[in-house]
Amino acid sequence: MCQIVNQSLKYKKSTLLHSVWFRTICSFLSFLLCIGTASAEPVDAQRLSSASDDPSNWVTFGQNYSNHRFSALTQVNKETVDRLIPKWIYQTGIVGTFQTHPLSADGQMFITTPNNHVTSLDARTGTPIWHYEHKKRTETSRGGPSNRGPALGYGKVFQATNDGRLIALDRNSGRMVWDILVAKPGSGETAQMNFEEEQAFNDGVDSFPAKMPPLVADGKVITGVTSAGYGLFHDIAASLGLGAASETDPKYGRRGYLAAFDAETGTEVWRWHTTKTEGWEGQYREYTPDGVLLNRLIEAEKNAAPHFPDAWRTGGGSTWMTPAYDPALGLIYVGTGNASPADADLARPGDNLFTSSLVALDVKTGELRWYYQMVPHDIWGYDTASPPILFEAPSDNRLASAVGVPSKNGWFYALDRRTGDFLFKSEPFVPQNNLFARASPEGVLVAPGSFGGASWSPSSYDPITGIVYVPAIHKPSKMIEKTIEDPYGQVMNFTLTESSDEPTWGTLTALNTRANGRILWQVRTNQPLVGGVLATAGGLVFTGEGDGRLSAFDSTTGDRLWEFNCGAGVNAPPMSYEINSVQYVAVAAGGHAVFGYSPGDAVIAFAINDP
């Protein structure tokens, strides 16, 4: 049994942070630091594409375009990790769900906070360099205040916001360069609508938040929107006491999209919608593409289809997290969310293309190259929410260029990166019970539940060993069938999904992608894992937990070697960087309101304590 090094941190916000003296000193320091960062190496196309060759910096969300989230630094390793201590702490002053992924370039760190403020820090000391305070265009959005991190490139810091905007700030000063609206209808979406219908549709799109750290590639900034899959019929929601009916817009929900913008000007270059305008019904599959029975009411869906010819307009399909990018193929890979209305499935007949899928898009045009729909006609909330990972996988006595992603249904899928052909799926990394079962009046307990499985939290991939480390959630749902008359006079079944009283926990799983996803080891945690994973060449896997612990596990055995209590839930992805031959591990500690994890406002950077 490995010895666990247990440490803890309790902190309070100091009134010093708000004093005139402190602000004056910080302004002076910011001025001096900006002189240094102004001459820093540019984060240009070459640097972004070769990020794997520069472990001292972390300039993209996934550490590289393949989303490996792997640090080649080795100073913090199995032998030294027991001397890992906090080197600095920065408190934002904004307590709440804190999911930011810090970036570090040339000694300068960049973070986002709840409510979309952006701060640049000295990555060696945590001293503020500059701060951007976001002014919201609307007080209400569907996604809450959290944000998952910034992006860097071409002299700018980019952020997608909860009020549906994409902003570009000057890297050295924090000055606004441009500010554009992402949350707006696409071309032709409101065609053939009267004024009231169009206004209602626009209002729905206008409330879309954007949370993913953008992808900066090919001179573009690429981001998507969330909350598209939360749709209900207003009339159904009202009858169940969940909302108010609407005379002009009986449906609630919109279709999601991924959009690309010129990095210099903010001009929209292309937009790809996650629901297909023509033919979104697909094949009416009885089974998943890999052969699992879906328990669909195919005939009932086909009979309902004439009543819902425009279901694609409100069809859901959020884009939750940062795509992977293969510059050689010119393709980006993004997962899509569940269909809408989520729980009234006969109101959206067919396979609901391209929801709950992994898709490949041309980076220059946004044109769809291929798709693989893990869950056709999803009624369980099994989004493909986690960031895809690019790797090489054995296939037919050769190495295939693969793209993989863990799903909320509990499997890690590997597909051919060029064609989308199925390669393998892993052993289940969470318990599966009544998978793809339909609801009943008495209620059916289903695991994974609508929380997952693997949700948005990013996994890590070790390119040396071929091991992927997946953080996951075990939180079963209860699916209850309700019968109700829909807005068109049709009697329909409505599924009410509730949390169950079953025990919940998390799993951290090591999957071998060179052995068809076989589980090497698995650690069960007391609480569902929400945040993300960092793997390192030092033989360590870092992840945070809702009870405040940041822990390091042995990457070959899963033994917990070190832990530190950060004083608030660690529900953000850790990362690592190096300055002056010192390796740091940094993470945000701010909890998660949905899971009830303790809130906070700190970014903490750890390093080895000198003997």
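These are my notebook entries on a few things I looked up in this predicted model.

**Entry 1: helix H3**

I started with helix H3, which covers residues 195–206. Next I asked which residues of H3 are buried. They include Ala 200, Phe 201, Gly 204 and Val 205. These cover an arc of only 135° around the axis, which means that they sit on the same side of H3. I then looked up what the buried residues of H3 pack against, and found strand S14 (257–262).

**Entry 2: salt bridges**

Searching the whole structure gave me 24 salt bridges.

Asp 106 pairs with Arg 171, with the closest N and O atoms 3.0 Å apart. Asp 106 is in the loop between strands S4 (103–105) and S5 (108–112), while Arg 171 is in the loop between strands S10 (165–170) and S11 (176–181), so this pair ties together parts that are 65 residues apart in sequence. Are the two partners buried or exposed? Asp 106 is partly exposed, at 29% relative accessible area. Arg 171, at 6%, counts as buried because the cut-off is under 20%.

Asp 326 forms a salt bridge with Arg 417, and here the closest N and O atoms are 2.9 Å apart. Asp 326 belongs to strand S16 (residues 324–326) and Arg 417 to the loop between strands S22 (412–416) and S23 (422–425), so parts 91 residues apart in sequence are tied together. I found Asp 326 buried at 9% relative accessibility, and Arg 417 is buried too, at 8%.

Asp 383 lies in the loop between strands S19 (368–373) and S20 (389–395), and Lys 408 in the loop between strand S21 (398–406) and S22, so the pair links parts 25 residues apart in sequence. Both Asp 383 and Lys 408 are buried. I also noted a network in which salt bridges with shared partners join Glu 545, Asp 547, Arg 549, Arg 560 and Glu 563.

How many residues of S20 are buried? I found 5 of the 7, so S20 is largely enclosed by the rest of the structure. S20 pairs with S21 in the antiparallel sense, over 7 bridges. In this pairing Phe 391 stands opposite Ala 402 of S21. The hairpin has 2 residues between its strands, and Asp 396 takes a positive phi near 55° there.

I looked up two cis peptide bonds. One runs from Leu 353 to Phe 354, with omega near 5°, and Phe 354 is in the loop between strands S17 (331–335) and S18 (357–362). Another runs from Gly 452 to Gly 453, with omega near 10°. Gly 453 lies in the loop between strands S24 (444–446) and S25 (460–462).

Then I checked two asparagines with positive phi. Asn 67 has phi near 60° and sits in the loop between helix H2 (45–49) and strand S2 (70–71). Asn 67 is buried, at 4% relative accessible area. Asn 295 has a phi of about 60°, and its place is in the loop between strand S15 (268–273) and helix H5 (298–304). Asn 295 is partly exposed, with a relative accessible area of 33%.

Methods. Residues numbered from 1 in each chain as written. Predicted model: local features only at pLDDT ≥ 70, side-chain atom pairs only at ≥ 80, totals over all residues. Heavy atoms only, no water. Helix = DSSP H or I, 4+ residues; strand = E, 2+ residues; numbered from the N terminus. Expected span 1.5 Å × (residues − 1). Buried < 20%, exposed > 50% of the residue type's maximum accessible area, 1.4 Å probe, protein only. Arc of directions from axis to C-beta. Contact = heavy atoms within 4.5 Å. Salt bridge = Lys/Arg side-chain N within 4 Å of Asp/Glu carboxyl O. Pairing = 2+ DSSP bridges.
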